[in-house]
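Dear colleague,

I am handing over the structure we spoke about, and it is shown just below. My notes on what was found in it come after.

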Amino acid sequence: MNQETKRKIWETLYEKRDPRGIKSDFGRTLMIGGSFDYPGAIAIASSYAALSGTSFQALAVPKEIHSVVFSKVDATVVGESFHQTEGSFLFDEKAKEILSRATSVLIGNGIARTKENGAFLSKLLHFYAGNLVIDATGLTLLADEGSQSLLHRNEECHVVLTPHLGEARSLLRCENLGRESGRYVERARAYCQRYGVTLLLKS
């Protein structure tokens, strides 16, 4: 994408900002993801988040892929270090401290499908008060436990789910609907009403 195209996108998406402000005045975005098998997924998400208008951006990735990921993201992106075990994130007092600083959180891009990460997501939902976007493997972890953690989340947690049709089949429990996106709409609406979330159905 050339610079002129990027400039036009930025002019369309960005809100006017106080020229005397600093980057965190516009919110603090935290992105949690990545794994040894998919180290690039969270870096790609980071680049598109920056294009969409995020300002202060922090990434939390497994220790073993830290150097790979941070070689691919903008130099202004900072790192956050959750306690981890075997590539999975642990939810503890340090996690609460990190999450308390975030205005918006994205979780799931490239994250490992482990029991520990499933538990981390459930506890994050219960604790976090802010905008929470769940994508990719985060949706799979949510589907694995039947979306029940959505019913027990913090009242101030505003959840946005972004499944493609394959992820929607698992999340909405509709394996037989094929690739016609219109067939998913009613189930998606019912899911949103039941769990009080916003769902962006990609196809």
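**Helix packing and cysteines**

The axes of helices α5 and α6 come within 9 Å and cross at roughly 85°, where axes are lines fitted to C-alpha atoms, for helices over the stretch in contact, and angles run from 0 to 180 degrees between N-to-C directions. That makes α5 roughly perpendicular to α6, given that angles of 65 to 115 degrees count as roughly perpendicular, those under 35 as roughly parallel, those over 145 as roughly antiparallel and the rest as oblique. In this contact, Asn117, Gly118, Leu121 and Leu125 of α5 meet Gly138, Leu141 and Leu142 of α6, contact meaning heavy atoms within 4.5 Å. By class, these residues comprise four nonpolar, three polar and no charged; Ala, Val, Leu, Ile, Met, Phe, Trp, Tyr, Cys and Pro count as nonpolar, Asp, Glu, Lys and Arg as charged, and the others, Gly among them, as polar.

Please note that this is a predicted model, in which local features need pLDDT of at least 70 and side-chain atom pairs count only at pLDDT 80 or more, while totals for chains, interfaces and linings use all residues. Residues are numbered from 1 along each chain as its sequence is written, and side-chain values use heavy atoms, with hydrogens and water left out. Helices (H or I, at least four residues) and strands (E, at least two) are DSSP runs, numbered from the N terminus.

Helix α6 spans residues 137-144 and is mostly covered, with six of its eight residues buried, that is, under 20% relative accessible area, as against over 50% for exposed and in between for partly exposed (1.4 Å probe, protein chains only). The buried residues of α6, among them Leu139 and Ala143, pack against β6 (104-107), α5 (115-127), β7 (131-134), β8 (158-161), α7 (165-172) and α8 (185-195). After α6 comes Gly146, which has a positive phi, near 70°.

On another side of the story, α5 also meets α4 (residues 93-100), and the axes of these two helices come within 11 Å and cross at roughly 55°, so α4 and α5 are oblique to each other. Here Ala95, Lys96, Leu99 and Ser100 in α4 meet Phe120, Leu124 and Phe127 in α5, a contact of five nonpolar, one polar and one charged residues.

Finally, the structure holds zero disulfides, a disulfide being a pair of cysteine sulfur atoms within 2.5 Å. Cys174 counts as buried, at 1% relative accessibility, and the sulfur of Cys192 lies 13 Å from that of Cys174, its closest cysteine sulfur, which is too far for a bond.

Best regards
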